[in-house]
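Dear colleague,

I am handing over the structure below, and my notes on what was found in it follow directly after.

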Amino acid sequence: MIASIRERVDIRDLVPSRADYDLRPRTLRADLLAGITVGVVALPLALAFGVSSGVGPAAGLVTAVVAGIVAAVFGGSHVQISGPTGAMAVVLAPIVAQHGVGSVALVTLLGGAIVLVCGLLRLGRVVTYIPWPVVEGFTLGIAAIIFLQQVPAAVGITAETGHNTLLTAVRSVGSALWPSGAIVDGSVVDGVVHGAGTPTWVWTLGVVAVVAAVMLVLPRVASALPASLVAVALVTVLAEVLDAPVPRIGELPSSLPFPVLPDATPDAVRDLVGAALAVAALAAIESLLSARVAAGMSVGRRGKRAGDGSADAGEQTRDQGTGPYHPDRELVGQGLASLASGVFGGIPATGAIARTAVNVRSGARTRLAAVVHALVILAVIYLATGPVGRIPLAALAGVLMVTSFRMIGAATIRSVLTSTRPDALTFVITAVITVAFDLIDAVQIGLLVAAFFALRAVAGATSVHREPLPGVAHEGDERIALFRLDGAMFFGASDRILGEVTAQAETVEVVILRLSHVQLVDATGARALADLVLELERRGVMVLVKGVQPQHRRLLEAVGLHRMLRHESHLFADLPAAVEHARSHVRQAQTA
């Protein structure tokens, strides 16, 4: 007990150390190249996720810089890239719609504090209890939401965030195709910019199409180039040359904002604590899953760098992995990252699997690559906010639409759907609830569905068998019933086992319960065994119990199993001794 307390109090393994870095020239060169590569890949994503969250592109840049550096230094993975993500944008959008943009800073700080405390309490291993179908269903649902969120920008509509994404997407398409009122060149009608007699949706869909085409084709012909950045730069130049009437990002800050603490009044904290818990849960789950995946990835060969983290981009070595990750330290790092991001006006940060994959495949060796990635984006803030502000919003929508399709592959979906019926149903339910209702509710319900099927499977594997008595048959053996219990005696199977034994023991005088094959006993199962013994003894059937395992003895004694037996000597460790005692009892009954 004392050792466990000391382990929780000792935080030396949760803080940065010299072992986090390798300053040899070859490693430094690999980390610098990987950091620059992932930095240019992350730039359009940071802008896009900031816009998608409802807070704005500047918040996405700030988060990528501040949270990216803090998480890299304090996190538990050597190669994890942290910043704004699509899943977090999905969670933030309704929070912004309900509580306003001003609430995001406080939500970010509260969520970061919760994640930090979870790390200090050593709760990082909890993510291993989330089943694979739940994770993949959650990912598919998030991908669908991200795609639907981009539909308004793709058709040139300024839509309100926070509402059902599917309905918003449908209404946006309707508003773009059939705007109310007269259309005047250069005017804004129902959020649509019109000019030169051509509807805006024609221009914006053209932008999306060009971005998607470049992101899909370029990695196949020039994998070393960052396809998303090339696509965004290309359509921005074309939009400027053609003077396309499409909505732009607009003015961006040319420096990091001054750190400011938000007003944390008791009323504000009370109103936002639910949102903060949702943000913290998502940040912890996504970051730990991303770090776990990254730990098993191979480091890319030097000189082969992935363009956008697509499955076929870059060449990998077979044996050299990125090394283990520390889940508790990862939570500490992500909590501190969100705290720092909130102070600077950013949004909650999580580990980003797509950018992490680019980092690994670009040859990253240590967390220095993640720091360099953040510094690249910081340089853009100070040196190039003017050109960045001219990027069409539809270009960012195109980037996210393509990204959403890459979040989960068709092979993965097919694998889940063809695995088992319970796993397929869990996957579908989790995905549907994610899109239709709420991300956190989806994870909770997905876990409940998975737990239900798992318990049903365990209960189905629990059985009772009537066995013949060992050795040579004796007269009167038909009056003795030997039952072997297999599997788990728990609340899901106890009533069925009790019913089967009592039904088969109606014509016998002695019942031997063989418990040596019982692997698990919970309180309900232990109580059911005690009730079974009591019921049989009330009928006049003597019960002998054989093979109680040491780990189950205390629980069975706590529910009074030994008191239900006719005599304390009716607990046996040896089956022949129990059978001989049963036969002796039958012989005495026959001669009486």
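The protein holds 24 helices and 12 strands, these being DSSP runs numbered from the N terminus (H or I of at least four residues for helices, E of at least two for strands). Please keep in mind that this is a predicted model, in which local features need pLDDT of at least 70 and side-chain atom pairs count only at pLDDT 80 or more, while totals for chains, interfaces and linings use all residues. Residues are numbered from 1 along each chain as its sequence is written, and side-chain values use heavy atoms, with hydrogens and water left out.

Of the 592 residues in the protein, 51% are buried, where buried means under 20% relative accessible area, exposed over 50% and partly exposed in between (1.4 Å probe, protein chains only). Among contacts (heavy atoms within 4.5 Å) with a separation of 6 or more, 82% are between residues 24 or more positions apart.

L123, in turn, is placed in the loop between helix 5 (104–120) and helix 6 (132–149), and L123 has a relative accessibility of 35%, so it counts as partly exposed.

With kind regards
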